[in-house]
Amino acid sequence: MFVTFSICSLSLQNLLPESQQSEDLPQDSMASVTKTPLSAVTPEHQRGAPKEEFFITDVAYCEQAVIFLKQAKLPQNKILRRKEDGTLPRVICPKCRLGVTRIQDLSHTDMKKVRQLALIDMTALCDLLELEVKRHKTGKRKIAESPLFGVPLATLLENDQKVKPHTSTPLFLQSLLSFLEKKGVDSEGILRVPGSQSRIKLLQQNLETNFYSGKVCWDEVSPNDAAALLKKFIRELPAPLLTAEYLNTFSAVRDITDLKQKLHMLNLLILLLPEPNRNTLKALLEFLSKVVSREKRNRMNLWAVATIMAPNLFLHKAVPSRLTEGAEKGHAEKAADVMRLLIRYQDLLWTIPNFLMNQVRKLNENSSRRYQFYDRRIKNLLRKIHTDSREKPDKNTSELCRTVKIQVGDQVSGTMEFQLNINSRASDLLAQFHRQCLRSPENGKGKIRRNGAVAYPDCALYEVGGNIGEHCLDPDTHLLDLYNSNQGGEWVVKLKPNASRGL
């Protein structure tokens, strides 16, 4: 049984602050926020008391930049802003009544529209911030004979999907990261301490020969050797993981002074990445976040991890570098600074801003109107007929009944009635769905656990059709608000798709 969410909840990861590298914090906070805030990126028990910043997504980022620049020109109190004690601020994203939408929550068709709209906003933002960004085309490189190293991500995924359909990250990378998460995150100096070059070479040859046959034994592999192989895999991709087109834009983020504007730019850039690159980057950042979270054991703080990993992403043979010898150090520091933002705020960056979601809905509405009648008299007549033919709800009742489809596989197996009121949320609907499954186990396909309890598949609620393609809903979505924003859409409960590493 499948359940799909239209808007996914934003569960920001807990990351420890780095003990090095400080940064000026912005003064502007877009304070006019009246919505329920999400949990912050940094936990409450964090050492120190980092400043809080609000991450507003209802207003286009380029419009926020205009407001910020106007405020910057106003006379300011001449109070020296102190350098922070090495901690990045907590960034809080207020959650609207339609919840939070993650990248994986939208259909491919809608994501194409998101990328087009994100490019427009990013271009305007670059102009406002006066960022000089030069885009490169990937240089031609000899295709590697190895089945794993030096292979384009798209090709690698295409081959892997023949083995495991619907996988979103390379199977080799999944195995490597899984091993490092089990054996490497507690190793002191992991990612920093180099492995044995001879062992690394033999390990690479073994993987290239035996990985797909399943004959690779990880038990005797050194974590440091595996970490070196991870960096080599990223470094030897034929094109940069951040793509040749946007690599310089990622690097230019360090030149932006305001932290929130840096995050705005990174959010748009993540949306613009091709899907294989975005998913692979997400898997890598999730692992790096786990390394940072074990700082007390492995002695690797955020700044150390960012400094070591940045060259593998930001310096690439396919993108020619014209830096002088003296400028290379400064470029490396900029890359490390952007890298730590990617690691620290990754959950925030993998969401779709509300203003882009609203624009996608408007685009879909305008597209559907092309097939409607444009004569006012005909439209008014059809509207009157349609209104008269509908059952008008009782004025004394404040609830609306909505039919929800239940889907098993590709077939709709049944329906469920759900009463809507102003406080109804997607989680309430799913709770009713599970209660009905409990009364009718044959419909719920529940599995009996050893203790006698019934375990149900991980289901979600999807918004399908109307002004959206397919949208997986955040459990905190207020359903009456959703109904008012898309009355033509259907609601479907089905199993969540199996996605590796949460992508």
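**Close-up 1. What covers the buried residues of helix α3.** Around the buried residues of α3, the cover includes α4 (171-183), α6 (223-235) and α9 (275-293). The model is predicted, so to speak of local features a pLDDT of at least 70 is needed, side-chain atom pairs count only at pLDDT 80 or more, and totals for chains, interfaces and linings use all residues. Residues are numbered from 1 along each chain as its sequence is written, and side-chain values use heavy atoms, leaving out hydrogens and water. Helix α3 itself spans residues 153-163, and its buried residues are Leu 153, Leu 156, Leu 157 and Asp 160 (buried means under 20% relative accessible area, exposed over 50% and partly exposed in between, with a 1.4 Å probe and protein chains only). These buried residues fall within an arc of 95 degrees seen down the axis of α3, so they line one face of the helix; the arc is taken over directions from the helix axis to the C-beta atoms. Helices (H or I, at least four residues) and strands (E, at least two) are DSSP runs, numbered from the N terminus.

**Close-up 2. Helix α2 against helix α8.** Here the axes of α2 (residues 108-128) and α8 (residues 259-272) come within 9 Å, crossing at roughly 145 degrees. Axes are lines fitted to C-alpha atoms, for helices over the stretch in contact, and angles run from 0 to 180 degrees between N-to-C directions. On the α2 side, look for Val 114, Ala 118 and Met 122 among the contact residues; on the α8 side these include Met 265 and Leu 268 (contact means heavy atoms within 4.5 Å).

**Close-up 3. An aromatic cluster around Phe 211.** Phe 149, Phe 172, Phe 211, Tyr 212 and Phe 233 form one aromatic cluster. Rings of Phe, Tyr and Trp (its six-membered ring) pair if their centres lie within 6.5 Å; planes under 30 degrees apart count as stacked, over 60 as edge-to-face and the rest as tilted. The structure holds eight aromatic pairs. One of them, Phe 172 with Phe 211, is edge-to-face, at 5.9 Å centre to centre and 90 degrees between the planes. Phe 172 lies in α4 and Phe 211 in the loop between α5 (197-210) and α6, so this pair ties together parts 39 residues apart in sequence.

**Close-up 4. Trp 350 and its contacts.** Trp 350 sits in the loop between α13 (346-349) and β6 (351-352), and is buried, with a relative accessible area of 3%. Beyond its neighbours within four places in sequence, Trp 350 has contacts including Arg 102, Ile 270 and Leu 285.
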